[in-house]
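This report goes through one predicted model, from confidence to contacts. Please look over the sequence and structure before reading on.

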Amino acid sequence: MKMKSFLLLALLAIVAFVIVGCTPKEKATLTIWVGAESADFYQLKMDEYVAEYNANNDKEFPYIIDVVASDTGSAAGRFLDDPDAGPDIFTVAHDNLGRLVAGSSAIAPITLQPLLDQINADNPEGFLNVIKATVGGTEYTFGVPYVAQSLILYYNKQYLNETQVQTWEGIWDVAKTENKRAMVVTGTDGFNNSFLLLSRRANDGFTSLRLYENGVQENTFGTGDDTISVLKWGQRFFMDPNGGAQASSSGWEVELKDGLALSVIGGAWHFNAAQSALGSNLGIAVLPQFTITAQDAYGTVTAGTVYQSGSFTDTKMFVMKKGSDKADVLQQILLYLSSKEMQELSFNAADNLPAYKNAAVEFAKMQENTIEAALAAAQVEMFANGIPQPFGFQARYNTYYYSKGAPDLILAILRNTTGEFSTFEQIKAQMTIVETIWKTGNQPA
Amino acid sequence: MQKAKKERIRPLPLNEQWKQIGSKIAKGFSRIGKSFQRFIARFKDGSVGTKISHFICGFGNLSKKQYAKGILFLGLQVIFLLFMISSPEVNSTPFGWKSLGNMITLGTEAGDLFNPTDNSMLMLLFGVVTVGVIAVFVLVYFSNIKSSYEGDLLIRKGKRVPTFKEDIASLFDSRFHVLMLTPAMLGVLLFTVLPTLFMILIAFTNFDAEHVPGQHLIDWVGFANFAAIFQGTGEISARFLPVLTWTLTWAFFATFTNYISGILLALLINRKGIKFKKLWRTVFILTIALPQFISLLAMRNLLSLHGPINSALVQLGLLSSPIEFLGQATNAMTARITILVINLWIGIPYTMLMTSGILMNVPTDLYEAAMIDGATKRQAFTNITVPYILFVTAPYLITSFIGNITSFNIIFLLTGGDPVVPGFKAGQTDLLVTWLYSLTIEESEVNIGSVIAIFTFLITATATLISYRRSKSYKEEDAFQ
């Protein structure tokens, strides 16, 4: 009996091994992270890609492609927490490039020549400058731009018309009449509250502001006469009860919806919430201009000078994980996903503003008289008044600019709650501290 | 009522306390020395099998025909040696003996764009895990020697050694505590000791936003991170003392207000003449039933600038215009007081419940005796009820205080640490734990976060030990029994 039991067990074990051994191997999964608003679209497109590959090749596409919705703002950080477990391709804003390529780099460079040619042909120069980085003494292209974005103005058409929103003074006057807030910012961080710092003289685009120019840490300057004047104007604006403000604890959406604020500075990622708040009363415009008065003019700046509110212009780009075991197909996928045809389809389906430099002229939907086209057109126009975030050159620049307290110091100037920034010299002293933080990451000793 | 003479237990003078500490340390070293003496004595006194067990685990048991036990010990030694010698790898980072060297160097291969960099954090982690494995094996090793030696003693007395079945049976009988405590101790080692050790070691490295494992090699920096608290112009040196001060202030007032309010509420509900006592208790218990984070988020919305509370206060004429109560309050004190008030909502039900239970269990004969002696109700309350409650709830007070030092939810969900202090990450309502969260999770300043975690632990551990050992419930436990 014992021998029979043993033989039976042995037979069962052999059968189990055979079954396991003959079971076809499951395909590995190739993961792509994209913004939540377009995950469905890109999954559909990748399914089409795989189907076309299978139809045109003898063997099946070797991987299962999984497109995952991801918060692109935090994607770089989450990826770096555990790169080995991270996706093969993911989407980040270009200012994350520095931290991704720091040291020996966590992402792989683009080496496929057709993809490099497509990137160089389809993107504006501003984007081409920020998707490259030097690693080990050699410059490589790391990012594949496919979405562009910029801050614009969402406003309530019930109170404001297209002429009034061309200037902050126009909006401000209406706010005083209606006893409302002219504008709220959606956040007080260095990106969402950058419209004053990045403003330029309207007639010639001049600004003395320098932020890590050419990737050099020391090429940073924020105490020019025009910057001080603009902040002084901004202080008047933010200290007025009908002027600008940080969104309250109720949220900018509530303030916009209830008519407590007439306009909001936001990005494309705020569009759905703004549309929910205002519905058909939603208007979209480029960020307004403003005029320096005698009260605001400092140094070489003269009263009456008109400034155009500024913005960081961003490109969201695809990057590849370094050392991915699927490297043989990743660049081909990127060639497909970043083509101008795909960018147009993405705009039509998910309102992603294309990075493609001629999109405004060539894409049919961007010519239409729709709110989505207005959103795209406003952002495209803002590109002329903005700069790409210059933080991708070094990992520390992003940290020094955003995360070492400098935005709060600038907000303190604007709010001037205790009156300690009432004079130009006090504003300049505060901006000197800000400048030191931008350069060193620490306040002055 | 005659007051019983209280024997005040005075604390020892400082030099006597130091003497006590010194003698305890000396006792500790003495115990270690005695362990070594016992180890050598067993080797000398043990049988040949026991002597060989010092090199080949389980040999002594095998020589006494305890085959199952012997094979178990031998198997564990073989697995341990295989683990240490073969150094299995995960994500190209080895365990085993290689990990011990890696723990010292934290990697040597800087890598480049096409070659991987040594992952210093994995090396540190795997080194700590290997140390844990070694510690467990040391326990197994000594257990093997002890088992064989005890067998020798039994044989010398003319008794037989227990079989494996009898050993297993004893685990459910005379050695039941071993069965119950061993998994718990392993769990403590795996989920508490090793992660804590890992976190402490990180505090001595330069693991921050500019040194990302897998892209850069991490280095040991000694006590530089600790020294940064007292030197330099960085965040930690400027904000550590203010945050620590607020943390201790918050913990004190949060504990005190909840404690007193809960007791008063329990006394009120328990008063004679109050009807529907169960209903009132149930109403307050409902706040415990609702998840805390839902309550806190609801509170945050209710107190927002255009929320219902501001609207009501304006309509009642108590405010001329809405004000910010929480993260955007213009005055930090407004935010701090608001948080303390909201914390009452969260904490009172627990104290109320506990005090209600205590009040129901106060021996009634104490009150009867007090009445006979002519005590007033106030005297009975202050001399019987209050001391009784204080005595029973002293440990709860201490744990509540410690819990409030590390209270994360309420600060994170209500204010996020704001109002901001311009130029710094730590806000006006940040506690040490919320500050270290934002430093580590949001800023990747993991080494500084570890330093703050260590200081938090030192504060809570010290407060716990001192308070508890000085409390009457610790000193007079026997008398209370």
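What is the mean pLDDT of chain B? The mean is 88, and 95% of the residues of chain B reach 70 or more; pLDDT is the predictor's confidence in each residue, from 0 to 100. This is a predicted model, in which local features need pLDDT of at least 70 and side-chain atom pairs count only at pLDDT 80 or more, while totals for chains, interfaces and linings use all residues. Residues are numbered from 1 along each chain as its sequence is written, and chains are lettered from A and ligands numbered from 1 in the order in which they are written.

Over residues 1-6 of chain B the pLDDT is below 50, and beyond near neighbours in sequence this stretch has 6 contacts in the model. Two residues are in contact if their C-beta atoms, placed from the backbone, lie within 7 Å. Where pLDDT is low, the predicted coordinates should not be read in detail.

| Helix of chain B | Residues | Mean pLDDT |
|---|---|---|
| H21, lowest | 477-480 | 56 |
| H4, highest | 67-86 | 95 |

For the complex, the predictor gives an ipTM of 0.83 and a pTM of 0.83.

Helix H10 of chain B covers residues 235-270, which is 36 residues. From first C-alpha to last, H10(B) reaches 50 Å, close to the 52 Å expected at 1.5 Å times one less than its number of residues. H10(B) bends by about 25 degrees at Leu241(B), and Pro242(B) follows within four residues. The bend is the angle between axes fitted to the seven residues ending at a residue and the seven starting there.

Chain A is divided into domain 1 (28-148 + 314-387) and domain 2 (152-309 + 404-440), with bounds from an automatic or database domain assignment. The contact between these domains takes 11 residues from each of them. On the side of domain 1, helix H14 (371-383) and strand E17 (386-388) of chain A give two or more residues, and H14(A) gives the most, with 7 residues. The C-alpha centres of the two domains are 31 Å apart.

Between the chains, the contact takes 30 residues from chain A and 30 residues from chain B. On the side of chain A, helix H15 (395-402) and helix H16 (406-415) of chain A give two or more residues.
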